[in-house]
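Dear colleague,

I am handing over the structure below, and my notes on it follow. Please read them alongside the coordinates.

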Amino acid sequence: MSHRRSLRDEIREAIEAETRPAHPALAARIREGIEQRPAGGPRVPRLAVAIATLVAVAVIAGLVATSRLIGPAPAPAVTPTPAPLPTATAPVVVVTPQAPPPTAAPAPTTSSAPFVCTTGPSSGAASGPPIQPSGGRGITTIRAGAQPGYDRFVMEFDGGVPEYVISPQSGTTFARDPTGQPVTLRGSAGLGVVLRGAKRGDVPYLGPTSLTPGLTEIQEVQLTGDFEGVVSFGIGLARPGCYRVLTLTNPSRLVIDVVSAP
Amino acid sequence: MMPAMAERQRSTGVAVDHAVFTSELEAVLDPAYRLATLMLRDHAAAEDAVQEAAIKAWRKHDQLRGGAAGFRSWFLSIVANECRMTRRGRWWRVLPLLESSPSGGSPEEAVLAGSDVREALMRLDQRDRAAVFCFFYLDMPMEEVARVLGVSPAAARSRVYRAAQRLRPDLEPAEDLR
């Protein structure tokens, strides 16, 4: 690959050409602008005031309407008035331009279910959302981690989960697709994973190609094939293990849990 | 209790805050200005956006959590947001016509026809350009890219991934992206 510059270098060069360093005058202008303003003061934007007013009016109107429907009860008419005041500060949050913190992926609800596992091969049809216009059902990344009682290997997809076949094997030697060259992973037993239609032919997989997570069961994972839409992984296990397969959504994930030895 | 002392403490506190904030801001001014230039494709508009973002950041810098390490992505997220609002609200609305490729082909065709990465980069959608800038130029981890864009790490990853493909459709597996 020495004849070709990396994409990163080319992008850097393009950005250097399109942009230039900030002019010192900009820093000075900003410093001046900041000095004229108090910090952190809760300056309520006009939009927030408008929203707060609308909310307050709606709350009062709603309370008045309900109290009329319920019947003649003059006393509650007094209590609603202080209520809109606290709400007036709340909508400020709505208009702050700061980005919300990235939401964590929802925890799989299946983990509380009894752990049913297999030592034989398993497979599944493609599932989840349809193929994306950009060529989805693409595998985007892989990862492995320890969970109480089992080790987890996760494949994440842009689009739905593709058709998959998982085959246990006695050794840790896998054949690379399409060259057929053998590759031997750490451990003493293996799980082969084949994903069909895991991506469009010309879309490369850009995630990690190997993992050595240092777990008790899952010792090594390698991308063993990425050819004509078929992506395969070899998983090296410490010992022949019982495993289960889960498909999770949002984002679409195919999960292999390997039970830890007791 | 002792109003004078309290008052003095408060004012020194503000002075220190101010100095810390300005130095942190100046450390990230360069990437901020480059990001704004890439997003708005106009130097003057980029300066305005960065200045506006700086003032907004100053007003709510007490909301910043995570110290200096978090400052860069926090401030860049305000800049990116400012750029999006600028673009939404002004005469830029007419520009998408000019933005479309002059040769009339799709971006993929243009890249295949031998146009360079720079041209392909400027054809990307505004937020894709921001994603590419953060990931490839600033070497940000995906979590920080996500924070700047205001999306989940998974969404940031697929944005970077798709943008990289558009820049170089023949990208090889595992190249450049971890």
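The side chain of D128(B) makes a polar contact with the side chain of R166(B), at 3.1 Å (a polar contact is a pair of N or O atoms within 3.5 Å; within protein, one must be able to donate a hydrogen and the other to accept it, and residues adjacent in sequence count only if both atoms are side-chain atoms). This is a predicted model, in which local features need pLDDT of at least 70 and side-chain atom pairs count only at pLDDT 80 or more, while totals for chains, interfaces and linings use all residues. Residues are numbered from 1 along each chain as its sequence is written, chains are lettered from A and ligands numbered from 1 in the order in which they are written, and side-chain values use heavy atoms, with hydrogens and water left out.

D128(B) is buried, with a relative accessible area of 6% (buried means under 20% relative accessible area, with a 1.4 Å probe and protein chains only). Leaving aside neighbours within four places in sequence, D128(B) is in contact with R159(B), A163(B) and R166(B), contact meaning heavy atoms within 4.5 Å.

Turning to the rings, F21(B), W58(B), F71(B), W74(B) and F75(B) are linked by ring pairs into a cluster, where rings of Phe, Tyr and Trp (its six-membered ring) pair if their centres lie within 6.5 Å, and count as stacked if their planes are under 30 degrees apart, as edge-to-face if over 60 and as tilted otherwise. Over all chains, the structure holds 7 aromatic pairs. F71(B) and F75(B) form one that is stacked, at 6.2 Å centre to centre and 20 degrees between the planes, and both F71(B) and F75(B) are buried.

With regards

Terms used
Buried < 20%, exposed > 50% of the residue type's maximum accessible area, 1.4 Å probe, protein only.
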